[in-house]
Amino acid sequence: MATPLVVSEVAKSFTMHLRDGIRRPVVANVSFSVKAGECVVLGGPSGVGKSSILKMLYGNYGVDEGQILMDHDGKLVNLATAEPRTVLEVRRTTLGYVSQFLRVVPRVSSLDIVAEPLQARGVPLEEARTHAAELLNKLNLPRELWSLPPATFSGGEQQRVNIARGFITDHKILLLDEPTASLDAKNRAVVVELIAEKKAKGTALIGIFHDEEVRDAVADRILDVSAFSPRKAAA
Amino acid sequence: MSTLPLLKVNDVSKFYGSRIGCRNVSFELYAGEVLAIVGESGSGKTTLLSCLSTRLIPTSGIVEYHMRDGQYRDLARMGEAERRFLMRTDWGFVHQNPADGLRMTVSAGANVGERLMAVGDRHYGNIRATASDWLERVEIGIDRIDDQPRAFSGGMRQRLQIARNLVTSPRLVFMDEPTGGLDVSVQARLLDLVRGLVHDLGLAAIIVTHDLAVARLLSHRMMVMKDGAVIEQGLTDRVLDDPREPYTQLLVSSILQV
């Protein structure tokens, strides 16, 4: 079976220059891989580095050591050292990310926010909007909100816009940072269903879920991030 | 995606006598890429922009541009006439103060039409039609086409300047603090407009700004300048969310949360 993501001996620390240069190690020796159609859940207590790992996988955080290898259109790309334009290209076609919070752009409607990743890949606007509408409908976002920018939406409504935006493309790798945190039971079930659909299509998923019910429903494997604690590595 | 860079900048430095404007700057810019240059006043970002856009000749280093005929040309070795033609057609320059980029005493329509005439358009009807189309795109009412920009608000003037620059379908646009001096609601509208146009037209742009929120919203890549040198660069969200250099950390941590 194909393995679209391999992480090898990745280490990360923050140096806080404004705090006398304190160096705060986050993770060390992170190594794992994710197969097509598999959902790996990052586990472990708060502050252990789960979100930092996801952000490194997305190129949002820099990587001090190690490799993050992705299968991008049949080519192997090391995201840890890739040029910005390569990272952007990988994000456009291979790597999706559902963040915990939506970064709102003033004046852009929810429907267009969801449609945008498809449009960026060359899908005509109307077609992209049709797909966006299907997803928002599935996630039970009231139709009268579709034409509004999500700035004034509730947390759960914003999160559903965010989920729809992340799930609309057929990216081969999808990162999920607590996508169900502020959703009610009905919508959590929709997300579980969407994840199952992605798995069936062969998407590799890596996620953080604090909700045990959701975690048990989607996880093929739970990776305990405490094992990558730099203190442990030093000991 | 084009595989050849539109602009190649190699080790560019500019000195004003013994004082440093900018030093040893190298990068490549590709079609469709938006690069933000950030840093505080006096960090050399405007000097660098001027060197790139041939408004200043660098003391050392080379800036090469990929012409429409597929050749790279060293901008400093280009003739004055050729350089001006490039600036009027293939490039745009959006100034912080719209009065520097507009002709304040001719009508809005003529401000846009003038660039079209520079590329050889002579049919009055076509020019006026294109001009009104562009005014609409930048959200200026068609009923204002015969008014002079003197009668426009700051935000409208800035939108008119953008229309004037984009009407000839340039491939590269330089912007110097495009939202400076506008109040925040006007800024948001302008940013959204610029973001949409850059995306729809596949423009490459270099934007000088001291506003990190503007850089976050508009740019793909970022360069942070201090004392004339580029101290950190990379993907915009990487630089803003995981700043590595002391000065970048100071800049990012100085943003007020609203």
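Which element gives the most to the lining of the second largest pocket? It is α1(A), with four residues. The model is predicted.

- Chain A supplies at least two lining residues from each of β1 (5-16), β2 (22-34), α1 (50-58) and α8 (230-234).
- Chain B takes part too: α10 (246-253) of that chain also supplies at least two.
- Sorted by class, the lining has 11 nonpolar, 10 polar and nine charged residues.

**Helices α4 and α5 of chain B**

- Helix α4 spans residues 108-118 of chain B, and helix α5 spans residues 124-137 of chain B.
- Their axes come within 9 Å and cross at roughly 120°.
- Because of that angle, α4(B) counts as oblique to α5(B).
- The crossing of α4(B) and α5(B) is right-handed.
- On the α4(B) side, the contact is made by B:A108, B:G109, B:V112, B:G113, B:L116 and B:M117.
- On the α5(B) side, the contact residues are B:I127, B:T130, B:A131, B:W134 and B:L135.
- The residues of this contact divide into eight nonpolar and three polar, with no charged residue.

Definitions and conventions. Residues are numbered from 1 along each chain as its sequence is written. Chains are lettered from A and ligands numbered from 1 in the order in which they are written. This is a predicted model: local features need pLDDT of at least 70, side-chain atom pairs count only at pLDDT 80 or more; totals for chains, interfaces and linings use all residues. Side-chain values use heavy atoms; hydrogens and water are left out. Ala, Val, Leu, Ile, Met, Phe, Trp, Tyr, Cys and Pro count as nonpolar, Asp, Glu, Lys and Arg as charged, and the others, Gly among them, as polar. Axes are lines fitted to C-alpha atoms, for helices over the stretch in contact, and angles run from 0 to 180 degrees between N-to-C directions. Angles under 35 degrees count as roughly parallel, over 145 as roughly antiparallel, 65 to 115 as roughly perpendicular and the rest as oblique. A crossing is left-handed if the near helix is turned anticlockwise from the far one by less than a right angle, and right-handed if clockwise. Contact means heavy atoms within 4.5 Å.
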